[in-house]
Amino acid sequence: RACPAGGPGAMAQARVLLTQEPAPQAVPSSELPMKVCEVALNTGPDSSSGLATAGFRTAKYLLPEWHQSNAALYHKAFTACEQAERGRAEAKELAEHAAATAQRAQQDSTATLGQRLQDIHFWKTELQKEIEDLDAETGLLAAQKLRLERALNATEVPYAIATDNLQCRERRQPPDLVSDEVERELLKEAELIRNVQELLKRTLMQAGNQIRLNRDQKEVCETDWSDKVETYNIDDKCGRYSNQSTNIQFHPSSVKFEESASTPETWAKFSHDNIYRAEREKLASINLRALIDNILHDVSEDLRMQCAAVNEAFAKHCEELDDTKHKLEHHLKKILKEIGDQEANIAALKRAIKDKETPVKVAQTRLYDRSFRPNVELCRDEAQFRLISEAEELTESIESLKKKLLESEQSLTNLEDTRMNLEKEIAVKTNSIFIDRQKCMAHRTRYPVVLKLAGY
């Protein structure tokens, strides 16, 4: 037997891990003579004390266990494949059934949508016809109402002539404030026109109410028609959807009935009632148009009787008003010129103030930078005094310019006030001339004819 420690050969044998029993020797073993050798100490990097083979001396599994584990994995893989194949077959069958069911349901839904489109189209056509008829009747009534308005507006001219003359004569100075034949005729004319205007206004209000009822009902029908057009477009779009459409998506919350949804019966009744009410308003409108014709014919014959006795005595007063107005306009021109000059002066002062900003910045920047001179260099020298003096002079100049700017602006404000007063006074005089000349004199020569008073 080899010595435990005897050189490199012994160290190599110590590193070998034996997992089986040694093979039997061909030569029978026999005892060898004892050899005395010295045992080397377990020292040095190649010494062996059992640590090199400490982790390899115990196996965790035996060979039968290893084969059994592999067999279990084979069986599990086979079972999983068999189950997956059976699941695929069932899934394929279920998918085919679901596809057929979905196709049939989609075809039925498309057919139902087509029938619904026909119903919507029928009521939409009926509503459109009623809307057109009611719109045409409303147009005819609006034409009659326009005649009433024209007749009423035509009475405004003689009524304005009479009332304006009376008001102007009441505003005359006491020497001219006399009661004469002109005033008596004007009072009779004004009373007649007021009675006619009241009758026309009542008829006009009735026509306006009927037009509003027509339009309200037309709006109801239009809303119903618009809803049906929108619904028709929606259902038409829905009927065109297919599985190949690119603008479809999930809407889980839409699969329910709305609480406020109508029934087919109430849906049809709603449109029927709208059409019935529209027919009723159309008949009322036809009757009102006939009444308006009679009224306009009667009143047009009564308003041409008070047009011959009140065309005098305004020329002198108009001349005086013209003279005063010309003088006021002359002063206004002078004020406007002065306003323009003052505005230019204000602009020049603002530019002067603006021009001083840069020198102030220069002076103040110089003073600011010189404040950083170190130690004894921070001297109150002549340059420092001059810079301070310059800054103060610039500030004083700016203040003077600002004060003058305020004075100029106040002067401009005063000029503007004077201009406004002159313009108001000129407007007053212009209005007085308009009342005396345009209303009291010129308008009386333009008294409306009978056809115009009838609304034509």
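Over the ring of which residue does the charged end of Lys 124 sit? The charged end of Lys 124 lies over the ring of Tyr 232, 5.6 Å from its centre; a charge sits over a ring if NZ of Lys or CZ of Arg is within 6 Å of the ring centre and within 35 degrees of the ring normal. Likewise, the charged end of Arg 116 is placed over the ring of Trp 267, at 3.9 Å from its centre.

The model is predicted, with local features requiring pLDDT of at least 70 and side-chain atom pairs counted only at pLDDT 80 or more, whereas totals for chains, interfaces and linings use all residues. Residues are numbered from 1 along each chain as its sequence is written, and side-chain values use heavy atoms, with hydrogens and water left out.

The chain contains 7 helices and 0 strands, assigned as DSSP runs numbered from the N terminus (helices: H or I, at least four residues; strands: E, at least two). Along the sequence the pattern reads α-α-α-α-α-α-α. Of the 456 residues in the chain, 26% are buried, where buried denotes under 20% relative accessible area, exposed over 50% and partly exposed in between (1.4 Å probe, protein chains only). Among contacts (heavy atoms within 4.5 Å) between residues at least 6 apart in sequence, 89% join residues at least 24 apart.

Glu 130 belongs to helix H2 (residues 63-170). Glu 130 is buried but has no salt bridge, and Lys 282, the nearest side chain of opposite charge, is 4.3 Å away. A salt bridge requires a side-chain nitrogen of Lys or Arg within 4 Å of a carboxyl oxygen of Asp or Glu; Lys and Arg count as positive and Asp and Glu as negative, while His and the chain ends are not counted. Apart from neighbours within four places in sequence, Glu 130 contacts Ile 275, Ala 278, Glu 279 and Lys 282.

Aromatic pairing was assigned to rings of Phe, Tyr and Trp (its six-membered ring) with centres within 6.5 Å, planes under 30 degrees apart being stacked, over 60 edge-to-face and the rest tilted. Phe 122 and Trp 123 form an edge-to-face pair, with 5.2 Å centre to centre and 75 degrees between the planes. Phe 122 is partly exposed at 45% relative accessibility, and Trp 123 is buried at 15%. Tyr 368 and Phe 372 are also paired edge-to-face, with 5.0 Å centre to centre and 80 degrees between the planes. Tyr 368 is exposed at 52% relative accessibility, as is Phe 372 at 56%.
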